[in-house]
Amino acid sequence: MPQNARNKRKLNWSKLYSFKNCLKSSKESYPPQLLEGPGFSRVVYCNNPDLHRKKPLKYPSNYVSTTKYTVISFLPKALFEQFRRVANLYFLFAAALSVTPSLSPVSPISTIAPLAFVVGLSMLKEGIEDFRRFLQDKKVNSRKVKTRKENGSFDLKPWEKVQVGEVVKIEKDEFFPADLLLLSSSYDDGICYVETMNLDGETNLKVKRCLEFTLGLDKENEFDHFNAVIKCEDPNPSLYTFVGNLEFHDQVYALGPEQVLLRDSKLRNTQYIYGVVIFSGFDTKVTKNSTQSPSKRSRIEHKIDRIIYLLFTVLLLISLITALGFSLLTKFEMLDWEYLEPENTSSFFDPKNSTRSGLLMLITSLILYGYLIPISLYVSLEIVKVLQAVFINQDIQMYDEGTSSAAQARTSNLNEELGQIDTILSDKTGTLTCNQMDFLKCSIAGTSYGDGATDIEIAAVKRIESKRENPSDISDSSRIDPNILSSKSKSFSTGTSEFNYSNINATSIELSQVHVESKSLDASDIGVLTGGTDWTQKDKQHGIKGFNFNDQRLMNGQWMNGLHEDMKLMFFRILAVCHTVVPEKDEESGKIKYEAESPDEAAFVIAAREFGFEFFQRTQSTVSVIELDPSSERKVQRGYKLLNLLEFNSTRKRMSVIVSDEEGQIFLLCKGADSVIFDRLGENGRQYENATRTHLAKYSEEGLRTLAFAYRKLETTEYLEWNAVFTKAKTTVGAGREALLDSASDLIEKDLVLIGATAVEDKLQKGVPGCIDKLAQAGIKIWVLTGDKEETAINIGFACSLLRQGMKQISLCIRKIDEFQDQDDVNKAYKEDILSKIQNGFEIVRLESNIDAAFALIIDGKSLAYALEDDIKYKFLQLATNCASVICCRVSPKQKALVTKLVKESTGKTTLAIGDGANDVGMIQEADVGVGISGVEGMQAVMASDFSIAQFCFLERLLIVHGHWCYKRIAKMVCYFFYKNVAFGLTLFYYETYTSFSGLPIYDDWYMTLFNVLLTSLPVISLGVFEQDVPSEVCLQFPALYQQGPRNIFFSWSRIIGWMANGVYTSLITFFLNIYIYYAQAFRAQGATSDPSNIGATMYTCIIWAVNCQIALLIAHFTWIQHLFIWGSIFTWYAFLYVYGTLPPTVSNKAFHVLTDILGPAPIYWFITLLVTITSVLPYFTHITLQRMINPLDDHVIQEIKHFKKDIEDTEMWSREQEKAKQKTKVGFSARVDAKIKQWKGQIDHKRKAIYNSVTDTPLFSGTSPFRTRFFGKTGSVS
């Protein structure tokens, strides 16, 4: 950059900063701070990093990791994760016992191999997923930064190698690698501009300034003798505070947060800075706000553990029964069984020690009946979840072309949790909004300009239009007669009672010739209802970023032709002059680019330019504008001398500049919150107050951010007197400086003249309102947690329909308490204040009689700190859960995590946190499900998340489609798994009881091994992967279907017990029908009776048929893959039995030619198979038939409609069903549209009454006039 350009930059930005913050002169200094006691032990030796790697300091490196495992910890931690599962722990015990031949009824390989396969596959999946996190960590840790070497030069070094005490050089648009102390910058007075969006979510730039004595350290060779010592607070999570001293050459200088640059914030609008590292790695403030990567398990998986506890109890019970029965038989009947040679038996059959025999049988039974516990359930779940994750990753409708990013399931363990979300906790900036403001509307001198329509109004019109053909479908609360207004209206004024008699004919009066102007529908409403403006297409013709205004009354100089020309001129001057924006000329294009601290200020200067007032230059004391002059109608250049700038903050809620024009006139130009500006208006400045208030209310209802504009002309003597007071205040040193500045500002910001107001649209990400509306209809509650100030958060709440007009707001904000000096007394008073407000708020909600009333809770970070204390937090949560919307503003990352933890643990419901920055990592990790937005602000949130998407609107499909599907698939799959294992496992117990507890299985070892591994595994996997109750588009059309997940309909205990009971029934039918049909009769033509191997093979065939036919009834959506797996599994059984039977008897044992020679030729074998299969599935078939006939679920109704194609043949009925299926909600786009329609209905009723009163006042309609009867009917009433 040329030297003169650089000097100009320094002049512009640094002097502006001095005005804005009213800083002290460079000769002033702060006294050092006393640092004593715990929490202030940090010592940093600047330019000497080696000292910090040794004891006693031993500070951590700058390496940061979000992984769950390391190379060393992977094996023990992953094994621990696997054997936290009860089933795996049981099978480990069974595998250990199976190596004892005398105790195990099956071969060791049949128990060890499945366990090793299941655990190994799960560990492999965990390792791959964590390795992906490692690669993303490596990408961040490998970023380069310039650090000072021993020879004085600055060379690039990876972030992970940066050490405490090192001097680093950061250049424009680079992130800070650690927490730094600012030493100098490219500006002469040592300021720099920092974007902290990743930390607190705010888009406006923060200004940091170095100490005066380090200003000279702006060259690489200046650091040769810089060996200062920093003593400061210990690492802590507070982003907004810092206390420390810098000692250099026997001088001590106080340090504050304005000198500290935090990791993951970005350098903006500054060519470079030099800084020294004070906190690194896990000591940095942003990392202190994050939590350790948690090990998350879904609620279904936790419940599976409890089911397995139940099954293990059953297993232990039947094992005890077997052991007790065997012990009694051994003791009392063994001696009569001479063929067993009881006098020469082993310890297993010892009549003399039946107790030991019983204990040995107990161990054998625990191994034998282990098939009650489905070991393959976990590996099947892992396979299903991985395949579900693949479908999520490849969903083209969740692919963002702008960033070339697809949805990504970073962990597949939580797929089903997506279908059970009760509360979403969302960040605002970068998540709901896209950090862009558009100038949309304005009010000048009591007239509203800008005819763009909001999404709410467009939707209301569309809904009304959709009901024209069938008005009976409109509810009474929203019914509007479409004939009340017509598209071409002539005039008639109720104010003057004028009426055009010539328009009356003998039969009717055309309402199209009636127009009401006083206290009825305003112009925009009439435009919507009459079609005068096509609002169904939002006007985007300008194509200018930051400017979406359309009204020809102000554009292209037309504002000079109307009324109030002087007020419009002053309005545009405020837009062009009252700001802190700095213009930069693009050297390539020659166009001016604006650098603003916040996007709304940029929108104002862009709007001023489009109206003909182009701000193009700023110096240390002047602002230059090219204006459109009304007198000459030409553009002229004017300069305004900048005398003072009174900055905006959350307390003042306004900003003012005092300027002197070329004629020497002094003006105070002010913009701010309407409540603040209106209180400061003079008696002669309220001419347009009522009209402006009406417009502001309308703008706010539309979700727009509003500011009021006012000005005041100052006399020179008054200004000079005030400036002396202000100068004294700004040069004051001490704690009362800010209060003095505010008081001085109040002295001049009074007797203002109101000009108008602006309405800017905080651009939401694409599809955010519709997504929130759909989520609300699905019954999901949405909380917003943001670092932004309260006004911004509220405006976004309106924009995305979490807030609406008529919603009662409960604000929990601490009032300022000055009467206590002791901090403990202040904290106690604050706590009592918050507790009182919470209790009052809850009483307001509890006593509300209107069931349709909606409440919104708004709380700031300072109040939240007290509300989250142990003795208050549950009362706060009780109030919050009774409100339709909750917005937490000015919250720190730690508070976001604490709120998430409170909601998750106290409500017991599934929570989802979504964000895009490093400040969201804590809540993303704390929530049951964490979703990261892979936006433009780094990948910290994505790296810590369970799922990542490119835009918030994709959350709609992720939850309502994929979440709903995954929940139902997993729930059905698990229930079916337990069903089939109970059905199979209990037949072993029945056989043991039937054979006097012999300890021998009725099935061949290979039969039992293949049951879960091959013959029933693929159908259940296909169920978990491909099942759909309804198609994806129907899920979105009927969002209330999602509530099946949060209500846990398909995985409730009653559903689980029902499936287990079905398994018990199937096992009883299978065993006893086989036993009693085969019992004591020949089943072959030669008269041969069956033996255990034949009965076992037949029973196994019946089980295979029954469970596969059962899953065929369970599946609602068949694909060719499911048909292949279900019927292929049955075919595989016969193929295996055939091949296994052809092997030599030494291999096939008793199954030698069992199918071809024994079972196949026997008709009774096929008859039993058919009988058992039909009898087994009959109860479930009866249940689902009766349920669909008597008490169908929502998805059953939709399936029938789709099956009979009624959605195509009867679209009206299909639309009616959609409306009926919506969850009644008090927030969201639809709720606002309903409210808007009600508002219009009230306005139209008012209009009709006004027409009625005006018309009936005329003589022609008096008494029983025929015109009165024809026009208004026999009742003569308009209502």
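Let me start inside. The largest nonpolar core has 105 residues, and those touching the most other members are Ile 304, Phe 978, Tyr 1003, Tyr 1007, Phe 1051, Tyr 1100 and Trp 1133. A nonpolar core here is a set of buried Ala, Val, Leu, Ile, Met, Phe, Trp, Tyr and Cys residues joined through side-chain atoms within 4.5 Å; buried means under 20% relative accessible area, exposed over 50%, and partly exposed in between, with a 1.4 Å probe and protein chains only. Helix α26 supplies the largest share of this core, 18 residues. Helices are DSSP runs of H or I, at least four residues, numbered from the N terminus.

This is a predicted model: local features need pLDDT of at least 70, side-chain atom pairs count only at pLDDT 80 or more, and totals for chains, interfaces and linings use all residues. Residues are numbered from 1 along each chain as its sequence is written, and side-chain values use heavy atoms, without hydrogens and water.

Back to Trp 1133. Setting aside neighbours within four places in sequence, Trp 1133 is in contact (heavy atoms within 4.5 Å) with residues including Tyr 1007, Tyr 1100 and Tyr 1165. Another core, of 63 residues, lies apart from the largest one and includes Cys 889 and Cys 1035.

For Cys 771, the nearest is that of Cys 953, 6.6 Å away, and Cys 771 is buried at 0%.

Last, Tyr 994, in helix α26 (residues 954–994), is partly exposed, at 37% relative accessible area.

Terms used
Helices (H or I, at least four residues) and strands (E, at least two) are DSSP runs, numbered from the N terminus. A disulfide is a pair of cysteine sulfur atoms within 2.5 Å.
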